[in-house]
Amino acid sequence: MLNHWEALEHQAMQEQWSYAQFLLALCETEIERRWSQRLKRALNEAQVPNAKTLVTFDWSHLKDFNPAPLMQLTTDSEWLKRADNCLLFGPSGVGKTHLACAVARAVVELGYRAKFFAATTLVQTLQHAKRQLLLPSTLKKLDRYDLLIIDDLGYVKKSEAETSVLFELIAHRYERKSLLVTANQPFSQWNTIFADDMMTVAAVDRLVHHALIVELQADSYRKRSANQRAQTQDTSQNTLSEVSTSAPVPAKTSN
Ligand code: ADP
Ligand code: MG
């Protein structure tokens with residue numbers, strides 16, 4: 001408020017505001033400032049890259065895909081209040097991580113707290129906590145996030161110690177706080193992630209009980225971008241070589 005009042009006072013004098021109008025403008029500016037500071041902090045905490053937003057996502061790459069249910073998660077926070085989950089499936093490069101980040105960002109913009117984790121990093125953190133006998137308090141600390149993103153669940157290696165912490169996290173958040181999970185493999189292959197079939201069934205059961213399940217099917221966007229870059233390079237190289245072959249040969253000079 002200290003930074004703004006002089007400029008606002010100047011404007012108020014020029015436009016002959018009443019005291020009430022001036023006070024209102026001052027309060028509004030302060031609320032806006034606090035909101036944008038909170039947003040900045042929360043986005044920083046969420047650890048989502050700036051570029052991965054819904055605006056930069058090209059939906060046309062996902063043929064016959066209905067984005068409405070996913071978009072609803074970004075505009076309506078009811079799912080967070082119900083502690084529902086979202087599961088994004090699809091092969092590599094189709095945009096799972098991009099969309100997960102975009103949803104996380106939107107959730108933060110709605111005023112909630114989110115945090116992005118690569119599944120393997122999260123598992124390492126939880127394992128470390130377990131070794132220190134701090135798993136319960138670590139899980140409780142994670143409750144401060146309305147949404148946790150677990151990216152690339154399938155990259156977690158199957159070993160009892162690793163996947164049991166993952167299971168404990170899933171069980172702890174069940175009907176308490178939301179999870180957004182991305183994975184390359186369908187559920188039928190999740191027995192390669194968890195220690196045994198029983199744990200797999202129990203984990204899947206808890207995740208899907210209240211969840212939006214989204215399947216992304218397309219060619220890899222990464223590959224497409226790489227191909228496009230290669231084509232552009234080819235074209236510019238061809239143009240360059242055409243220019244150089246059609247360029248006039250300098251006349252021989254004799255001295
Ligand atoms: P996945 O997690 O499914 O392997 P990513 O989300 O990491 O895929 O996407 C790979 C790259 O392609 C990222 O740089 C991402 O921003 C970009 N990308 C993927 N799909 C799209 C899309 N439909 N529109 C814009 N960028 C996309
Ligand atoms: Mg990914």
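E175 lies in the loop between α8 and β4; helices (H or I, at least four residues) and strands (E, at least two) are DSSP runs, numbered from the N terminus. The structure is a predicted model, in which local features need pLDDT of at least 70 and side-chain atom pairs count only at pLDDT 80 or more, while totals for chains, interfaces and linings use all residues. Residues are numbered from 1 along each chain as its sequence is written, and chains are lettered from A and ligands numbered from 1 in the order in which they are written.

E175 is not a glycine, yet its phi is positive, at about 60°. Most residues other than glycine have a negative phi. E175 is exposed because 10 other C-beta atoms lie within 10 Å; a residue is buried if 20 or more other C-beta atoms lie within 10 Å of its own, exposed if 12 or fewer, and partly exposed in between, with C-beta atoms placed from the backbone. A83, in the loop between α4 and β1, is a residue other than glycine with a positive phi near 60°. A83 has 16 other C-beta atoms within 10 Å and is therefore partly exposed.

D76 is found in the loop between α3 (68-75) and α4 (78-81). D76 counts as exposed because it has 11 C-beta neighbours inside 10 Å.

Apart from its neighbours within four places in sequence, V103 is in contact (C-beta atoms, placed from the backbone, within 7 Å) with L73, T74, C86 and L180.

Around ligand 1 there are 15 residues, of which G95, K96, T97, H98 and Y221 come nearest; a residue is near a molecule if its C-beta atom, placed from the backbone, lies within 6 Å of it. Two or more residues of this shell are given by each of α5 and α10 (221-246), and α5 provides the largest share, three residues. By class, the shell has three nonpolar, eight polar and four charged residues, where Ala, Val, Leu, Ile, Met, Phe, Trp, Tyr, Cys and Pro count as nonpolar, Asp, Glu, Lys and Arg as charged, and the others, Gly among them, as polar.

Note on methods:
Two residues are in contact if their C-beta atoms, placed from the backbone, lie within 7 Å.
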